[in-house]
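Here is a short note to read beside the model. Keep the structure open and find each residue as it is named.

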Amino acid sequence: MACESAFPAIMDEQALMGLNPNADACYRQRALAYFEQLKESRDGWEVCAEALVKGLYSDDHVKFFCFQVLEHQIKYRHGSLSAAQQQLIRETLMKWLQAQLMNVHPEKPFIRNKVAQVLALTFVVEYLTLWPKFFFDILALVGLNPNGVDIYLRTLMAIDAEVVDRDILHSPEETRRNTLIKDTMREQCIPALVESWFQILHTYQHTHSELTCQCLEVVGSYVSWIDLNLIANDRFVNLLLSHMSMEELREEACDCLFEIVNKGMEPVDKTKLVESLCQVLQSAGFFNIQQEEDVDFLAKFSRLVNGMGQSLVLSWTKLSKTGDVKVVAETLRALEAKVPLMLQLLIHEDDDISANIVGFCYDYLHVLKQLPALSDQQKSNIEAIMLAVMNKLKYDDEYNFENEGEDEAMFVEYRKQLKMLLDRLAQVSPELLLESVHRVFNSTMQNWRTVPFMEVEVAIRLLYMMGEALPASHGAHFSGDAAKASTLQAMMRTLISCGVSEYQHSSVSLEFFETVVRYDKFFLVEPQHIPNVLMAFLDHRGLRHSSPKVRSRVAYLFSRFIKTLHKHMNLFIEDILSRIQDLLELAPPENGFPALLSSDDQLFVFETAGVLIVNGESPAERKQALMRSLLSPLMEAFRMLLAKLPQEMDEERRAVLADCLSHAVGFASRTSKAFSNKQTVKQCGCSEVYLDCLQTFLPALSCPVQRGAVRSAVRSFLHRMIICLEEEVLPFIPAASQHMLKDCEPKDLQEFIPLISQITAKFKNQVSPFLQEIFMPLVIAIFEVLSRPAEENDQTAALEKQMLRRSYFSFIQTIASSGMNEIMARQGAENIERVLFTIIQGAVDFPDPVAQKTCFIILSRLVELWGGKDGLVGFPDFIYKHIIPACFMAPLKPTFDLSDAQTVLTLSECTLTLHMIHLKRGLECVQFLQEYLPSLNVSPEITQELCQVLQQPDVKVLKNYMKAFFQQAKL
């Protein structure tokens, strides 16, 4: 051993048994403790080093364990090791590596990877100082031995991860170190490394494909930062090209060439590199992709062509700004020469191959967009890309519409890429795109009965996509540009009148309705088509389609369609309502049959019914009758289910009943969304119906079982009614509040407070007596819930309490800012004090900047209201005893983090509170600060300075000063 060890010289065999994944828990625990012991010991790791060098253990898990202990020393303890110990680590690694050269069976990959990691970490800490010959020592040792070469290549990849990989975040110090390592490597050893790579590739290309692929990966990783001439030369490129013809190496060779092409360099040099590479690839026959059957290789090749194409685009862009005209023209010619190959790859039947070339295609179109005029060839290229996109947008036969999995998700992503191409085509040549889409659309719609579904779907999809590709302000596609408007109008007319909505495939049905709704403004221009489309929405093609997915989407789309065109619906209102009547029924819990629509879908149908009734031209009495016939079944069902709920003993059945009750309330609530400032509930004569709903739903608040879900739904309904019924809702509030405050959970209270805040802000003095009455019971209920003990590690309970505290402070803020402070003032001195102390506590004691900010806003407002000469008795005393100290104690807390944006906002409100105190109390406040600040160990000079800043009128200056004051105080 290199130095005397205080640690036992042999390893704990019983602890090592716990390294086996199948070992008992107690052994595993012991192994873990032993690992910690070895890591923390000053020299315990030497036992591991000896075990590795002498090959004492054949168990892979023990070997891995030993390397982990070594890794910990290098990573965290290297600086504190003696020179002899550092030497021992180097010797251990080299001796272990030497032993591998003789092994008939190489170590398992997970051990080889760990060794590579340990070698890379050693390299990073020692290369610049202790081990400058790191690579030469390893190369001299391993030569071309396959086991040694494997470890060498893995080590190079591990070094790349530590030193080069841009995806790993490094500290500025690590970045400087890594730059220095790369500079030193370039000077001292990169040529030797490159030579070793060539020898490995050359030696093993026919006999050891795994090593050759590893080496190609290394070249690809290092090429981005080494001298390219070392790689981009005849000797190396010819070798890579020969690999492109070998089945086991070609994909990795392709990736390697891609990295070479991707290397950052001057535009002219990059163009030369790409052109020379293209020349050799073409003459070697790689551009004849029709003869290539290996799709995995073609996907890699497509990525390589994409890289070459994008490199040429980048060169052209840079040269266009600075280069001479001749060089720019040459680069454009080089770019254009790749377009035929790009088109072949884009149209390939394999989507991965096609997707890999989309980037080049997109960039090429961007180049064309910038040219002053297009040649016939360029126009022809645009058309070819257009046709390719239209073709590739089609679903294939294998697409599973009813159970979409990973393959389907990948196709959806690929379609998004194609959509980007289509949008770019629209920018380059909008007329040509519209004309092509029109042609494809018309020919498909004429024969839709005999055409496969994927072609019909794509034809309608193309029409749909024109809405975004050729944008119009607020969807006004049918005004402005006459040619565009008339083409789109003609296509819409065809879509609706050709009967394609009858096509028996869910994808076509969905695309039909999506397109109808995207171009809903068409029906303002040609309203005669509305009845046909309404029927499609309402019958087996839409809401009654055989596919649940179609029915669900159509429910939403129908509500959008009606909202846009409600002015044109007057003739059809009652007919529509009668046709959707069965879809408006509350699905009874005991019915075993699945409903046509889910409850979420029904929400849209109820909203649609509400919009039709409210916006119709019928007199108020008729609207009321229609609304009553819509809501009465819900009320009847609600009463019946509410009576059943307490009697039901089975917990699962109770949950189902509660869900049903919540849905009934939710549906009624959703119909009220139809009302607006122009069409209020009162004007439509519907107040009485909603008041009846309130009377029906409110008793559910006192239901003893399944309270959470039902209460939440009724509370949401009350929120809606406060907006819709205005003061007519007020008589219901006291009883509702009483029920909601009974046996509360934190969540109940947290959701109830916004309701009270809404009432306070909306009705102000009208609800003063009610607030006067409820204020303290509500506050006491909140205090009671907050004081309940909770488990120390119960994160959910802690979060619920935090949210409740925030809601409570928001409620006090609403009272204070609505001019309702008298409600607090009339609660009696003891109660006022209790509330005020909670606000001080919220401002100082709880590390929650959101709540703290609210507390300081309240304090500032109360100082403004009560802090003057005729304010609340005793309040000035409270300002000096508690509010001013809070303004200093809160920011001085260790948890008050001034680098956090939310906390800075809190400090801003805290400063405004101080400013308000000075406004209200004047010199008295300054005198108090002069006495108070020294108690916080603030020097007389700083005290004087702070008081001066406080007395000047600019609040911004005070805010900046206070921030600097606390930053300094926390140093």
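1. Residue classes. Ala, Val, Leu, Ile, Met, Phe, Trp, Tyr, Cys and Pro count as nonpolar, Asp, Glu, Lys and Arg as charged, and the others, Gly among them, as polar. By these classes, the lining of the largest cavity has three nonpolar, two polar and three charged residues. Keep in mind that the model is predicted.

2. The cavity. How many cavities of 30 Å³ or more are there? The count comes to one. The largest cavity holds about 40 Å³ of space. Its lining consists of Trp-96, Gln-100, Pro-106, Glu-107, Arg-112, Asn-147, Asp-150 and Ile-151. Helix 5 (83–102) and helix 8 (146–163) are the elements that give two or more residues to this lining. Helix 8 gives the most, with three residues.

3. The largest pocket. Its volume is about 490 Å³. The lining has 21 residues. Which of them lie nearest the centre of the largest pocket? They are Tyr-395, Arg-415, Glu-457, Arg-461 and Glu-511. At least two lining residues come from each of helix 21 (406–428), helix 23, helix 25 (506–518) and helix 28 (548–565). By class, the lining of the largest pocket has eight nonpolar, two polar and eleven charged residues.

4. The second largest pocket. This pocket has about 380 Å³ of space. It is lined by 13 residues, and Asp-351, Asp-352, Asp-407, Met-410 and Phe-411 are the closest to its centre. Helix 18 (351–355) and helix 21 are the elements that give two or more residues to this lining. Helix 21 gives the most, with six residues. The lining of the second largest pocket divides into five nonpolar, one polar and seven charged residues.

5. How to read the helix pairs. Two packed helices are described by the angle between their axes and the distance between the axes.

6. Helix 22 with helix 23. Helix 22 spans residues 430–446 and helix 23 spans residues 453–469. Their axes come within 9 Å and cross at roughly 150 degrees. Angles over 145 degrees count as roughly antiparallel, so helix 22 and helix 23 are roughly antiparallel to each other. Helix 22 passes helix 23 in a left-handed crossing. On the helix 22 side, the residues in contact are Leu-433, Leu-434, Val-437, Val-440, Phe-441, Thr-444 and Met-445. On the helix 23 side, they are Glu-455, Val-456, Ala-459, Ile-460, Leu-462, Leu-463, Met-466 and Ala-469. The contact of helix 22 with helix 23 has 13 nonpolar, one polar and one charged residues. Helix 23 also supplies at least two residues of the lining of the largest pocket.

7. Helix 31 with helix 33. Helix 31 covers residues 620–644, and helix 33 covers residues 687–697. The axes come within 10 Å and cross at roughly 5 degrees. Angles under 35 degrees count as roughly parallel, so helix 31 and helix 33 are roughly parallel to each other. Helix 31 brings Gln-624, Met-627, Arg-628, Leu-631, Met-635, Phe-638 and Arg-639 to the contact. Helix 33 brings Glu-688, Val-689, Tyr-690, Asp-692, Cys-693, Thr-696 and Phe-697. By class, this contact of helix 31 with helix 33 has eight nonpolar, two polar and four charged residues.

8. Helix 40 with helix 41. Helix 40 runs over residues 829–844 and helix 41 over residues 849–866. Their axes come within 7 Å and cross at roughly 135 degrees. That makes helix 40 oblique to helix 41. Helix 40 passes helix 41 in a left-handed crossing. Which residues make the contact? Helix 40 uses Ile-832, Leu-836, Ile-839, Ile-840, Gly-842, Ala-843 and Val-844. Helix 41 uses Gln-852, Cys-855, Phe-856, Ile-858, Leu-859, Leu-862 and Trp-866. The contact of helix 40 with helix 41 has twelve nonpolar, two polar and no charged residues.

Technical notes. Residues numbered from 1 in each chain as written. Predicted model: local features only at pLDDT ≥ 70, side-chain atom pairs only at ≥ 80, totals over all residues. Heavy atoms only, no water. Axes fitted to C-alpha atoms, helices over the stretch in contact; angles between N-to-C directions. Helix = DSSP H or I, 4+ residues; strand = E, 2+ residues; numbered from the N terminus. Parallel < 35°, antiparallel > 145°, perpendicular 65-115°, else oblique. Left-handed = near helix turned anticlockwise from the far one by under 90°. Contact = heavy atoms within 4.5 Å. 1 Å grid on protein atoms, 1.4 Å probe; cavity = no way out; pocket = protein on both sides within 12 Å on 5 of 7 lines; lining within 4 Å. Points joined across faces, edges and corners; volume = space filled by probe spheres on them.
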